[in-house]
Amino acid sequence: MISKINSYALYGLEGKLVEIEVDINNGLPSFEIVGLADTAVKESKERVRSAVKNSGRSMPTKKITANFAPADLKKEGSTFDLPLAIGLLKASAQLVADTDEYVLLGELSLDGHLRKINGVLPILIAAREQGFKNFILPFDNAKEASNVGGINVYPAKTLLEVIDHLSGNKLIGKQEIVGFSASKGKEVYDIDMSLVKGQATAKRALEVAVSGGHNILFVGAPGTGKTMLAKCIPTIMPDMTKEEALETTKIHSVAGVLKADEGIVYKRPFRSPHHTATTPSLVGGGQNIRPGEISLAHNGVLFLDEMPEYSRATLESLRQPLEDGVITVSRVAGTVTYPANFILCGSMNPCPCGNFGSKDKECTCTPSQINKYKAKISGPLLDRIDVQVFVDQVKFSELVEEEKAETSEEIKKRVNRTRLIQKNRFSGEKILTNSDMGEKHIKKYCKLSPECEKILETAYENLHLSPRARSRIIKVARTIADIELCDDIRVNHILEAISYRHQ
Ligand SMILES: Nc1ncnc2c1ncn2[C@@H]1O[C@H](COP(=O)(O)OP(=O)(O)O)[C@@H](O)[C@H]1O
Ligand SMILES: [Mg+2]
Ligand SMILES: [Zn+2]
């Protein structure tokens, strides 16, 4: 007898239908899985065998063949335990049920409990688009699933519950669907721009960076507040749109970092991988089948504290995604592309002792030590960091200043205004912020007066800028003009943009 159960696999963020056919006949007792199933699927055999027995059912002592179709798509993960077990019970006539209308997802533990799986959100969205309405999945995925409207979700704790539900003995309660709202209200952060005293230049630079989606590097001695400033970035970024939140949640779901009680990620991500992080953990791929830190930072911030401490290879791996906003990683199953559009925020000391450039502390490093230290971050990578700002120690008088500094909320209002200008400007284009502009957009939206051109030319020669740096200066100047509500890029905008370049 042959049974067929619907399930889903993920390729990147894309969900694809997998039909699990189980055939049982009177050959020598065996249990084979055909199709390009990987080790994870083979391990699934053992879990299914135990779970079936521990649920009071029996493994047929016959020739069992399971086919995961389509066979040309290589499957990974443990999502297929549940459909495989149900298929097996149906094919061996231990379960009589009509399962055509269902999609089954879930990993089984040896005792027959259902375990949380990764990627439920993108799977449900894809399956819904293909017309599926009924889903049985692990209880711990219920909260995540409740964000997808227009479907019936039956969260189950054990294989036995699923058997009872499908046979009609005892139905599983339907998960309440809350659907997806744009925001669940105001996000609370434990840091605020008003807590950062003094540092007017660094704060201005931060606002410029966030307003236009530019990358930013803080250079300064230890203890000057670089980390504090970086942590403020999400507090002044615009609230995520529905699309952004959904996309970020999909990535977090696939990566398995969504907690069971977490539905949608509304907060802008702030990821700060340690400097010992490997390249695959940062960009994804390798042995690691999950999206990397740069994709987890999608629509948010990737903070690399003490940037020169990261390995050269790891830093260089950021170059392509910084340019493209996506990362293509190779996996056993082939290549997949994950979104990776984030603001890169780096911090570093100006020199090994930390005091170079300080107004009141003396640097004890030799010029060659300083150069060697700075060279740890390659020119091409530095080129992609539009806003580079020196952070000096805040004066004592500023630190104890009672006067209230601008709050993140106030700054965010301006950022929102500047983002709106960009949104309107690029309404016919496929980009959102000034930093996304390509050469064609720069030509169209960043006309420069002869005076501005002249200043740029002088800077290009004196600061030995690359053509890429030149374009990026213009983009930052565009952002500064937008903050000032100026249609035209003026001399002072260009000068400020250049000032963020010569660290
Ligand atoms: N401008 C500032 N205003 C208020 N507190 C500051 C400021 N700069 C530094 N601090 C204090 O010093 C601590 C260390 O700052 P941190 O951001 O970790 O410095 P860095 O990353 O540059 O080494 C902060 O947690 C904060 O308490
Ligand atoms: Mg720090
Ligand atoms: Zn020094």
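Modeller: Helix α18 (residues 450-462) packs on α19 with their axes 11 Å apart, at an angle of about 145 degrees. Axes here are lines fitted to C-alpha atoms, for helices over the stretch in contact, and angles run from 0 to 180 degrees between N-to-C directions. The helices (H or I, at least four residues) and strands (E, at least two) are DSSP runs, numbered from the N terminus.

This is a predicted model, in which local features need pLDDT of at least 70 and side-chain atom pairs count only at pLDDT 80 or more, while totals for chains, interfaces and linings use all residues. Residues are numbered from 1 along each chain as its sequence is written, chains are lettered from A and ligands numbered from 1 in the order in which they are written, and side-chain values use heavy atoms, with hydrogens and water left out.

The crossing of α18 with α19 is right-handed; a crossing is left-handed if the near helix is turned anticlockwise from the far one by less than a right angle, and right-handed if clockwise. On the α18 side, Glu453, Leu456 and Tyr460 meet Pro467, Arg470, Ile473 and Ile474 of α19, contact meaning heavy atoms within 4.5 Å. By class, this contact has 5 nonpolar, no polar and 2 charged residues. Ala, Val, Leu, Ile, Met, Phe, Trp, Tyr, Cys and Pro count as nonpolar, Asp, Glu, Lys and Arg as charged, and the others, Gly among them, as polar.

Helix α20 (residues 491-499) also packs on α19 (residues 467-483): their axes come within 8 Å and cross at roughly 125 degrees. That angle makes α19 oblique to α20, where under 35 degrees counts as roughly parallel, over 145 as roughly antiparallel, 65 to 115 as roughly perpendicular and the rest as oblique. The crossing of α19 with α20 is right-handed. From α19, Ile473, Val476, Ala477, Ile480 and Ala481 meet His493, Ile494, Glu496, Ala497 and Ile498 in α20. The residues of this contact divide into 8 nonpolar, 1 polar and 1 charged.

Helix α6 (residues 200-212) is another partner, its axis coming within 9 Å of that of α19 and crossing at roughly 100 degrees. The angle makes α6 roughly perpendicular to α19. Here Arg204, Glu207, Val208, Ser211 and Gly212 in α6 meet Val476, Thr479, Ile480 and Ile483 in α19. By class, the contact of α6 with α19 has 4 nonpolar, 3 polar and 2 charged residues.
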